[in-house]
Amino acid sequence: MNEDSSSNFKANLSYTPSDDFLIYGQWAEGFRLGAPQSLLTPSCVADSNGLYDSISGTKIPVPGSVSPDELENFEMGLKTRIADDRISLNASIYRINWDGMPVQTGLACGVSVIVNAGESKSEGVEIESRVLLADNLKLDLSASYSEATLTQDAPGLGAGAVNGADLPGSADFNFSLGLEYDFSVKGIEAFARLDYSYVGEYFSNFTEIGQNAGDYGLVNLKIGGALEDVSADVFINNLLNTDDYTWIESFSSQFGFSRAYQLRPRTIGINLAYQF
């Protein structure tokens, strides 16, 4: 039986030149335990070197268990409030080094296994802001840009899994915008909120071939109110009934069939709550 253990450390340094301005830097570690490997069927037979045929046509070792993976995160940012606290702004840049990331891959015998694919990095910038446009009208804004790539070749994951390749499922650009209006109707404190979010394009394979996922905008609407201990709201998610993919199962396509996950269609509902 394998035993895994580790220690995680974190350090933070901050400076506040004024009550409404903060600059900080942070370093942190992360550790996740490994897991048992999927059982191989009798049709999966290793060669004399203990290697298995992968779907990509390469030979790969299949470990008896998935090894732990570790993260190292570097972050610098600022938090500030201006215009008599009517505008708040948070911004940060970061880099995450990921060692031993577990990735699902397929064998030619029709079984999927988890292998530790080596090293990768994620670098990016994030910005979020809240603006009080009027006493009862506020604007929320957030955006991020990131690049998540391999930092060493992973030949067992296919020809495209080379140093510098984008990680599957990682959109470079994401954006969200929200507008909320508060009002009162016959003693009922009410609100109306409209949210828009955009998710950039990404692929579920290293070679970035076939159908992409992402590259869609989503609009949600919510209207509600509260009276004493009772609150209620009506929501319409995916107001424009956008029909796009959130993930393409590239592993399945290697066996002659495809599977994909789509956005939930326009959904209308109501939330009721009572506070005791």
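Select R95 and E123: their side chains form a salt bridge, with N and O 3.1 Å apart. A salt bridge here is a side-chain nitrogen of Lys or Arg within 4 Å of a carboxyl oxygen of Asp or Glu. R95 belongs to strand β8 (residues 87–99) and E123 to strand β11 (residues 119–134), so the pair ties together parts that are 28 residues apart in sequence. Strands (E, at least two residues) are DSSP runs, numbered from the N terminus. R95 counts as partly exposed, at 30% relative accessibility, and E123 is partly exposed at 30% as well. Buried means under 20% relative accessible area, exposed means over 50%, and partly exposed lies in between (1.4 Å probe, protein chains only).

This is a predicted model, in which local features need pLDDT of at least 70 and side-chain atom pairs count only at pLDDT 80 or more, while totals for chains, interfaces and linings use all residues. Residues are numbered from 1 along each chain as its sequence is written, and side-chain values use heavy atoms, with hydrogens and water left out.

Next, select E180 and R193. The closest N and O atoms of this salt bridge are 2.9 Å apart. E180 sits in strand β13 (residues 173–185) and R193 in strand β14 (residues 188–199); the pair is 13 residues apart and links distant parts of the chain. Are these two residues buried or exposed? E180 is buried because its relative accessibility is 14%, and R193 is buried because its relative accessible area is 18%.

Now go to K59 and D53, whose side chains meet in a salt bridge at 2.6 Å, N to O. K59 is partly exposed at 43% relative accessibility, and D53 is partly exposed at 41%. How many salt bridges are found in the whole structure? The search finds twelve.

**Aromatic pairs**

A pair of aromatic rings is described by the distance of the centres and the angle of the planes. Rings of Phe, Tyr and Trp (its six-membered ring) pair if their centres lie within 6.5 Å; planes under 30 degrees apart count as stacked, over 60 as edge-to-face and the rest as tilted. The structure holds three aromatic pairs. One of them is Y181 with F183: the ring centres are 5.7 Å apart and the planes are at 20°, so the pair is stacked. Y181 is partly exposed at 37% relative accessibility, and F183 is partly exposed at 26%.

Y274 is partly exposed, with a relative accessible area of 49%, whereas F276 counts as exposed at 91%.

**Surface patches**

Show the surface and select M76, L89, I93, V125, I127, Y145 and F173. These residues make a nonpolar surface patch of about 610 Å². Patches are made of residues with over 30% relative accessible area and no salt bridge; like charges are joined within 9 Å, and nonpolar side chains (Val, Leu, Ile, Met, Phe, Trp, Tyr) within 5 Å. Accessible areas come from the Shrake-Rupley method with a 1.4 Å probe. Strands β8 and β11 each supply at least two residues of the nonpolar patch. M76 is found in strand β7 and counts as exposed at 53% relative accessibility.

Then select E29, E70, D99 and E119, which form a negative surface patch. Asp and Glu count as negative, and the place of the charge is taken as CG of Asp or CD of Glu. E70 lies in strand β7 (residues 69–82) and is partly exposed at 39% relative accessibility.

**Loops**

Most residues other than glycine have a negative phi. Which phi does A83 have? Its value is near 55°, which is positive. A83 lies in the loop between β7 and β8 and is partly exposed at 45% relative accessibility. K186, also not a glycine, has a positive phi of about 50°. K186 is in the loop between β13 and β14 and counts as exposed at 83% relative accessibility.

Last, select N49, in the loop between β3 (35–36) and β4 (52–53). N49 is exposed, with a relative accessible area of 63%.

Note on methods
Helix = DSSP H or I, 4+ residues; strand = E, 2+ residues; numbered from the N terminus.
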